[in-house]
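Please keep the structure open as you read.

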Amino acid sequence: VLVQAAYSSPQQQLLQQQGRATRAAAAGSGAAALLALKQRLEAGCVGPQLVLALLLAAAGAMPPDVVLPVSGCLHSMWLAVGGHFGAWLQAAVLQLAPEGAPWQRQRHGAKVTFVADLTDPACLSDTTRFKRVLKNFCGGKKKGAGGGRPA
């Protein structure tokens, strides 16, 4: 193993670590699954883009009934990556969001407040509160959007 590590590039070593973590996750370990998610999100700075995509989905890019699953995904991401989540959320909201994002019409202070509110420790332990803060920021239920998916 040491000889193999000496001849592997850092990227190859990272891919090997991710592969091991993914296999452990597939074996059914919840902690290993969270570790695998964390490693994949940290590699290549994918975290902020994923947070942005989920925020846009909750803000109307997808049917309104996906707000709950999006909230669950974001909350699980926070549990998996810990402190990185706040930085990713801040980057997604304040730097990466396209001009058409619904929250771009809000004052800068309101966006900063949203990041602080969503990453408040009370939201970490209360998924209902987390979802409520997320829905308020993303615009809540869209008028006339319906609640279900087409059959």
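1. The protein chain has nine helices and zero strands. Read along the sequence, its pattern is α-α-α-α-α-α-α-α-α. Bear in mind that this is a predicted model.

2. Next, the chain as a whole. It has 151 residues, and 31% of them count as buried. Take the contacts in the protein chain with a separation of 6 or more: 59% of these join residues 24 or more positions apart.

3. Now for helix pairs. Two packed helices are described by the angle between their axes and the distance between the axes. Start with helix H4, residues 47–61, and helix H5, residues 67–81. They pack at an angle of about 155 degrees, and their axes are 9 Å apart. An angle over 145 degrees counts as roughly antiparallel, and H4 and H5 are therefore roughly antiparallel to each other. Their crossing is left-handed.

4. Which residues make the contact between H4 and H5? From H4 come Leu 50, Val 51, Leu 54, Leu 55, Ala 57 and Ala 58. From H5 come Val 67, Val 70, Cys 73, Leu 74 and Met 77. Eleven residues of this contact are nonpolar, with no polar and no charged ones.

5. Helix H7 spans residues 108–118. Its buried residues are Lys 111, Phe 114, Val 115 and Leu 118. They cover an arc of only 95 degrees around the axis, so they sit on the same side of H7. What covers them includes H4, H5, helix H6 (84–96), helix H8 (121–125) and helix H9 (127–138).

6. H7 and H9 form another pair to check. Their axes come within 10 Å and cross at roughly 165 degrees. That makes H7 roughly antiparallel to H9. This crossing, too, is left-handed.

7. The contact of H7 with H9 uses Lys 111, Phe 114, Asp 117 and Leu 118 on the H7 side. On the H9 side it uses Phe 130, Val 133, Leu 134 and Phe 137. Here six residues are nonpolar, none is polar and two are charged.

8. Last, look at Arg 132, which lies in helix H9. Is Arg 132 buried, exposed or partly exposed? It counts as partly exposed, because its relative accessibility is 45%. Arg 132 and Leu 118 are 14 residues apart along the chain, and their C-alpha atoms are separated by 9.3 Å. Leu 118 is one of the buried residues of H7.

Terms used: Residues numbered from 1 in each chain as written. Predicted model: local features only at pLDDT ≥ 70, side-chain atom pairs only at ≥ 80, totals over all residues. Heavy atoms only, no water. Axes fitted to C-alpha atoms, helices over the stretch in contact; angles between N-to-C directions. Helix = DSSP H or I, 4+ residues; strand = E, 2+ residues; numbered from the N terminus. Parallel < 35°, antiparallel > 145°, perpendicular 65-115°, else oblique. Left-handed = near helix turned anticlockwise from the far one by under 90°. Contact = heavy atoms within 4.5 Å. Nonpolar A, V, L, I, M, F, W, Y, C, P; charged D, E, K, R; others polar. Buried < 20%, exposed > 50% of the residue type's maximum accessible area, 1.4 Å probe, protein only. Arc of directions from axis to C-beta.
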